[in-house]
Amino acid sequence: MSYRRNSLIPALLILLAGSVSADDPNAVYEKGAQAMVSKDYASAIPLLQQAVQADPDNLRDASELRQAVLRQTLAAHPKSEGATADFDKDIAFFDQLTKAHPASANAYLNFGFAYVDKIPAAGSITQVIQANNALTEFTKSIELKPTWIALYTRGNSYLYWPKIFGRAGLGVADLEKAYEIQKKEPKKSYHVRVYISLGDGYWKTEKPDKAIEIWKEGAAAFPDSQGLKDRLAKKGDDLDKYINDVLDPNKRVDTDLKELWRTQ
Amino acid sequence: MRKAGQTGNPLTPAGLPALRTRVSAPRAARRAGNLAGACLICVALAVAAEQTIAQSWFQDVTNSAGVNARHSNRVFDNPYAKIMEGYTALGASATVADYDGDGYDDVFVTDSKLGGKNHLYHNNHNFTFTDVAEAAGVADSNDASDAVADSLWFDFNNDGKPDLFVVRFGHNQLFQNMGNGKFKDVSKQAGIDSYKNAITAIAFDYDRDGKLDLFVGAYFQPINIFKPESPRFFPESFETANNGGGVSVYHNNGDGTFTDVTEKVGLGTRDENGKFHRLSGWTLDLGHADADNDGFDDLYVACDFGTDHFFHNNGDGTFSDITEKAIGIDTKKGMNVDWGDFDNDGLLDIYVTNITDDYMREGNFLWHNNGNLTFSDVSRETGTAETGWGWGAKFFDYDNDGWLDIYVTNGWVSAGKDSYVPDVFKMVTTPNIDFADARNWPPMGDKSLSGYEKKKLFHNEKGQIFKDEARRHGVDSIRDGRGVAIADFDNDGRLDMFVANANGEPYLYRNTEPTSNHWVQFALEGTKSNKTAVGAQVRLKAGGMTRLQFISGGNSFAGQSSNRVHFGLGEVAKVDQIEVRWPAGEREVFSVPAVDKIQKIVEGSGKRK
């Protein structure tokens, strides 16, 4: 709605964006970020795409681009989880990006997230296809650079798969590696995610004692974590239902990575 | 948002412990580290089981009634047979009619194997039945070129005697009821036997000319499914497939013949060049009723692998596709369509089953009728969303409390302990795979897919929420259910259930509900309208409430219920009046002298409104 009322503004922004030097992706990003603040996603998206193309390994720029795409389609389709065609355009963008920059680990990571973003809008079978595609891209990212975020992301993704696929064990393996990485780093707020997910992975792989142990360890480090409090307060079937609810593939997963750089 | 689905592993055969989430009593006890605890739990379970049996209101009388003939799936003999066997576990249907007019409902039950016989179970009036299919001439429908998928009773020649339509992969059959216990095959002269891989059929008078028209839904496109010339006959997509058999509409000419009017009535779309394209989805079920109370019945088309459709009857012999406005565009696996006013608001709602399992969480639709040709899915709010791999489902008031309950059959293939799910998802995630090519689909072999699922009996809690009472009443079998037919086989005012299972024996459940709830049933006869009054709406006023029922022409997957209109009345022992809106459009008011009776109502004998 807003961009229709102010139809001249996006045109000006695009002209301005065109005048920004390709050597200054941060400036382009800032303009895209400003457009996002004003919910002018139609302007933000091409600017952020430009920033990402100039700096494909920039986690922040690509994450914000995905958020712009997501917010735009949710705003346009308020009664649904967005239009699959909008997500497909984003996926195509990252497909081209990774082909042009095959050594950019974070580009693959965001490519995977683009598939994850589409999942709630898709039909049940397409959800599986998207989830599988996401894992493929996360794996490429890990092969290039086994970072904490890549390992956590892939490990957590495995937990959403129904048990019949036997992928929870793979998730635990990734999450244990992420856990080892974070133990060697200064404490960060987002580290709580690994405590939560690793415990969920242990629970899904029938290791309830280890699940409780890691959640307790996490609660000691992050006593305000509601997710950890909830898990430690429940038992048996209640806990099982809670974890299944959390890991329901139909629910939208928050793929906004802001926390990574805001806490650094 | 969707809630988490079933707990436990539905692919686990009965008797084996669930692998994951459902904590079995012994395992719970192990967790507690207390063997004594396990024993106590066992005792408690045994006591609970006894109480459950005592409270059961349905009695399995399949064997004593003599209706236990087993259904067998068709085994194909072609290069794709190993693949097809997993996708053609169909054809178990049960359809009810009083074919001989003796006042007791009979039931026709189909088989699908090569040479397999259908069964026409004549009601002996004492809850036993005699199979008279051979003598009646309706036993033989399964040959090398045809396999039975469904059946439908409808009075095509309007003589008051229900005729029998047998739906087949191949050529459909129409048997004229000769009135002497015999049926005559009139398929060819009727003009309804063109090759189709038909899977469902309903009949209603869409143009109000007093004759029942025929709507046939087909699953596969009309290729010879027994000897396919090409392997590309499987669904092209799991969510938007349009290479199925679609729907055909046959107008009843009134002289024993039918004319294909699919294009004329608008059941399809026109492209920008004006060319008409029939519906081509993978139809699994059709359901008709008057959604907007304008006197003309509308049509819901449930499709596998893609979007269901809603057609509004324009009242001029044509329909308009208003899917997007009415129900939106879905990508689910529609299996069943049944209409009923579950919340007693005077508008007919729709129940559609889809697939909900650990690996696919679609959820059913309970479409609440908003009264303006739009519907809202309230399945999650009402607790009717998750019923496994759903098949036939029926609205009916099993406890006569005045609120429509729902019975849901489910389960696809219950075989070995290994799951077929990883195989199919391996295919699904193969890049650039051609789903339409049957050769790309993995054979199912002895694996299970959404098998051993428990059926659901949803008790309607005053139109707000439904509570599953299947276990309590002993109707939670784990056979692969397909069709369900509801009828009061012993005329005692309590609705019984006949459940057809694929590759298995059926169930006949006798309702022994012990309450003193009152009821009334009406057997309607049209004069200006079609004689069996299909499409008639009956509004009953009693106890300060008005309730709506209608006569369906075969709604719900692989099942057809009694033609009689049944109302549960609860404790109300007096009916103020009923108003019948006949299919031809007239409205008449009738008095109801007594409850707990079956009353015959003839068009033209009431007080016109």
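**View 1. F396(B) and its contacts in a predicted model.** Setting aside residues within four places in sequence, F396(B) contacts L404(B), D405(B), Y407(B), I486(B) and L495(B). The model shown here and in every other view is predicted. F396(B) belongs to strand 26 of chain B, residues 390–396. Is F396(B) buried or exposed? F396(B) counts as buried, because 22 C-beta neighbours lie inside 10 Å and the cut-off for a buried residue is 20 or more. Among the contacts, Y407(B) lies eleven residues from F396(B) in sequence. Their C-alpha atoms are 7.8 Å apart in space.

**View 2. Helix 7 and helix 8 of chain A.** Helix 7 covers residues 105–118 of chain A, and helix 8 covers residues 124–144. Their axes come within 8 Å and cross at roughly 165°. Helix 7 of chain A and helix 8 of chain A are therefore roughly antiparallel, since the angle is over 145 degrees. Their crossing is left-handed. Helix 7 of chain A supplies A105(A), N106(A), Y108(A), L109(A), F111(A), G112(A), Y115(A), V116(A) and K118(A) to the contact. From helix 8 of chain A come Q130(A), N133(A), A134(A), E137(A), F138(A), K140(A), S141(A) and L144(A). By class, the residues of this contact are nine nonpolar, five polar and three charged.

**View 3. Helix 4 and helix 5 of chain A.** Here helix 4 (residues 41–54) and helix 5 (residues 59–76) of chain A have axes that come within 9 Å. The crossing angle is roughly 155°. How do helix 4 and helix 5 of chain A run, roughly parallel or roughly antiparallel? They are roughly antiparallel to each other, because the angle is over 145 degrees. Helix 4 of chain A crosses helix 5 of chain A in a left-handed sense. On the helix 4 side of chain A, the contact residues are Y41(A), A44(A), I45(A), L48(A), Q49(A), A51(A) and V52(A). They meet D61(A), A62(A), E64(A), L65(A), A68(A), V69(A), R71(A) and Q72(A) in helix 5 of chain A. The contact contains ten nonpolar, two polar and three charged residues.

**View 4. L48(A) and the largest nonpolar core.** The largest nonpolar core holds 229 residues. Which residues have the most contacts inside this core? They are L48(A) and A201(B). Helix 7 of chain A gives the core its largest share, nine residues. Beyond neighbours within four places in sequence, L48(A) is in contact with Y29(A), G32(A), D61(A), E64(A), L65(A) and A68(A). In soluble globular proteins, nonpolar side chains tend to be buried together.

**View 5. Helix 12 and helix 13 of chain A.** Helix 12 (residues 208–221) and helix 13 (residues 226–233) of chain A pack at about 140°. Their axes are 9 Å apart. That angle makes helix 12 of chain A oblique to helix 13 of chain A. The crossing of helix 12 of chain A past helix 13 of chain A is left-handed. W215(A), K216(A), G218(A) and A219(A) form the helix 12 side of the contact in chain A. L228(A), R231(A) and L232(A) form the helix 13 side. The residues of this contact divide into four nonpolar, one polar and two charged.

View 6. N432(B) has a positive phi of about 55°, although it is not a glycine. N432(B) sits in the loop between helix 10 (421–428) and strand 28 (456–461) of chain B. N432(B) is exposed, because 4 other C-beta atoms lie within 10 Å and the cut-off for exposed is 12 or fewer. N491(B) is not a glycine and has a positive phi near 55°. The loop holding N491(B) runs between strand 30 (481–487) and strand 31 (496–501) of chain B. N491(B) is partly exposed, with 16 other C-beta atoms within 10 Å.

View 7. D77(B) lies in the loop between helix 3 (62–65) and helix 4 (81–84) of chain B. D77(B) is exposed, with 10 other C-beta atoms within 10 Å. F226(B) is 149 residues from D77(B) along the chain, and their C-alpha atoms are separated by 7.1 Å. E85(B) is found in the loop between helix 4 and strand 2 (94–97) of chain B. E85(B) is partly exposed, with 17 other C-beta atoms within 10 Å. Not counting residues up to four places away in sequence, E85(B) touches V75(B), F76(B) and M444(B).

Methods:
Residues numbered from 1 in each chain as written. Chains lettered and ligands numbered in written order. Predicted model: local features only at pLDDT ≥ 70, side-chain atom pairs only at ≥ 80, totals over all residues. Axes fitted to C-alpha atoms, helices over the stretch in contact; angles between N-to-C directions. Helix = DSSP H or I, 4+ residues; strand = E, 2+ residues; numbered from the N terminus. Parallel < 35°, antiparallel > 145°, perpendicular 65-115°, else oblique. Left-handed = near helix turned anticlockwise from the far one by under 90°. Contact = placed C-beta atoms within 7 Å. Nonpolar A, V, L, I, M, F, W, Y, C, P; charged D, E, K, R; others polar. Core = buried A, V, L, I, M, F, W, Y, C linked by C-beta atoms within 7 Å.
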